[in-house]
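Subject: Structure handover

Hello,

Here is the structure you asked about. Please open it alongside this note, and my findings follow below.

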Amino acid sequence: MMKNNIAFITGATSGFGRAAARRFAQDGWSLVLSGRRMERLIELKEELTDVPVHIIQLDVRDEEAVQQAVAELPAEFAQVKLLLNNAGLALAPQGAPQVELKDWHTMIDTNIKGLVNVTHALLPRLIETGAGATILNVGSIAGQWPYPGSHVYGASKAFVKQFSYNLRCDLQGTGVRVTDLAPGIAETEFTLVRTKGDQQASDNLYNGTTPLSAEDIAEQMFYIATLPDHININRVEVMPTRQAWSAFAIDRD
Ligand SMILES: NC(=O)c1ccc[n+]([C@@H]2O[C@H](COP(=O)([O-])OP(=O)(O)OC[C@H]3O[C@@H](n4cnc5c(N)ncnc54)[C@H](OP(=O)(O)O)[C@@H]3O)[C@@H](O)[C@H]2O)c1
């Protein structure tokens with residue numbers, strides 16, 4: 001008998017997470033969708049009527065709420081096969097000396113501690129699922145390549161990369177796979193959040209080029225999570241063709 005495929009998605013209210021919910025629903029997956037904006041979760045559940053959907057208003061920074069949400073998963077959603085650790089954000093695009101400390105803390109609390117909270121809570125279930133279970137962590141090219149204004153954001157995504165590799169070592173023999181999916185520039189609400197609501201700045205970033213779309217990334221997510229059980233993609237770095245690196249900066253007299 002075919003096992004029911006269940007995905008637990010954090011940050012399903014926007015961007016990659018919402019596109020992933022739609023992509024996995026197309027293939028009949030059951031979905032646990034979480035995020036802070038309940039009205040968006042309700043809308044998505046109303047849209048995805050062909051598959052079982054369980055929505056949870058959840059701030060990944062709230063350790064107790066995360067544990068409770070996992071403990072209280074209805075039986076039909078309990079045997080999670082995919083954890084899509086997608087919730088995250090960048091703040092403060094300006095240089096480090098101009099950044100408020102609380103913005104650094106918010107990124108650490110969300111991108112590092114939040115991701116760790118959800119992973120820790122779901123690990124036993126993923127191990128129980130065994131072969132074919134997947135932890136798909138959304139990193140960033142910022143976790144590998146430095147650029148001005150990346151400071152704590154890039155460092156938090158470097159954590160995601162190394163945590164993914166390290167988890168693989170500890171999950172050896174369980175059948176659980178771990179991937180760090182590291183996108184480049186993609187048009188979502190990411191820049192709106194980063195600039196604290198500056199629609200013009202967001203439009204300017206994406207105008208006149210061809211960024212990745214949320215659907216491009218959702219397709220990669222689906223591919224990674226549905227490969228045969230014996231294949232683990234360790235890390236995927238994906239940029240739009242029109243994005244590449246810049247030269248080293250040299251300070252001159
Ligand atoms: N777009 C890019 O260029 C890009 C590139 C590389 C990596 N990424 C990464 O991709 C992931 C998704 O970002 P996106 O581009 O899709 O941006 P987005 O459209 O702003 O979506 C971010 C999602 O994260 C959720 N989220 C943020 N803080 C949260 C919290 N404390 N608790 C629970 N959920 C939270 C948001 O939901 P609520 O606000 O409803 O809670 C939202 O659903 C992030 O980890 C981001 O760092 C993005």
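Alanine 92 counts as buried, because it has 21 C-beta neighbours inside 10 Å and the cut-off for buried is 20 or more. Bear in mind that this is a predicted model. Alanine 92 sits in the loop between β4 (82–85) and α4 (101–129). Its phi is positive, about 60°, although alanine 92 is not a glycine. Most residues other than glycine have a negative phi.

Lysine 196 also has a positive phi without being a glycine, near 55°. Its place is the loop between α6 (190–194) and α7 (199–206). Is lysine 196 buried or exposed? Lysine 196 counts as exposed, because it has 11 C-beta neighbours inside 10 Å and the cut-off for exposed is 12 or fewer.

Of the eight residues of α7, the number buried is zero, so the helix lies largely in the open. Glycine 208 follows α7, and its phi is positive too, near 75°.

Now the sheet. Seven strands form an open sheet, and the pairing is parallel. The strand order is β3-β2-β1-β4-β5-β6-β9. Which strands stand at the edges? They are β3 (53–57) and β9. Each has a single partner strand, so one side of each is left without a neighbour in the sheet. On average, neighbouring strands of this sheet are turned by 15° against each other, direction ignored.

Strand β6 deserves a look of its own. It covers residues 177–183 and is mostly covered, with seven of its seven residues buried. In a regular strand the side chains alternate between the two faces of the sheet. In β6, Arg177, Thr179, Leu181 and Pro183 point one way. Val178, Asp180 and Ala182 point the other way. Both sets are buried.

What does β6 pair with? Strand β5 (residues 134–138) is one partner: five bridges join it to β6, and the two run parallel. Within that pairing, asparagine 137 has aspartate 180 of β6 as its bridge partner. From β5 the chain crosses through helix α5 (residues 151–170) to β6, and this β-α-β crossover is right-handed.

Strand β9 (residues 235–238) also pairs with β6 in the parallel sense, over four bridges. Here leucine 181 stands opposite valine 236 in β9. Alanine 182 stands opposite glutamate 237 in β9.

Last, the ligand. How many residues surround the ligand? The number is 30, and the closest are Gly11, Gly15, Arg36, Ala87 and Gly88. By class, this shell has 12 nonpolar, 13 polar and five charged residues. Helices α1 (15–26), α4 and α6 each supply at least two residues of the shell. The most comes from α1, with three residues.

Best wishes

Conventions
Residues are numbered from 1 along each chain as its sequence is written. This is a predicted model: local features need pLDDT of at least 70, side-chain atom pairs count only at pLDDT 80 or more; totals for chains, interfaces and linings use all residues. A residue is near a molecule or strand if its C-beta atom, placed from the backbone, lies within 6 Å of it. Ala, Val, Leu, Ile, Met, Phe, Trp, Tyr, Cys and Pro count as nonpolar, Asp, Glu, Lys and Arg as charged, and the others, Gly among them, as polar. Two strands pair if DSSP finds at least two bridges between them. A crossover is right-handed if, with the strands pointing away from the viewer, the path from the first strand over the helix to the second runs clockwise. Axes are lines fitted to C-alpha atoms, for helices over the stretch in contact, and angles run from 0 to 180 degrees between N-to-C directions.
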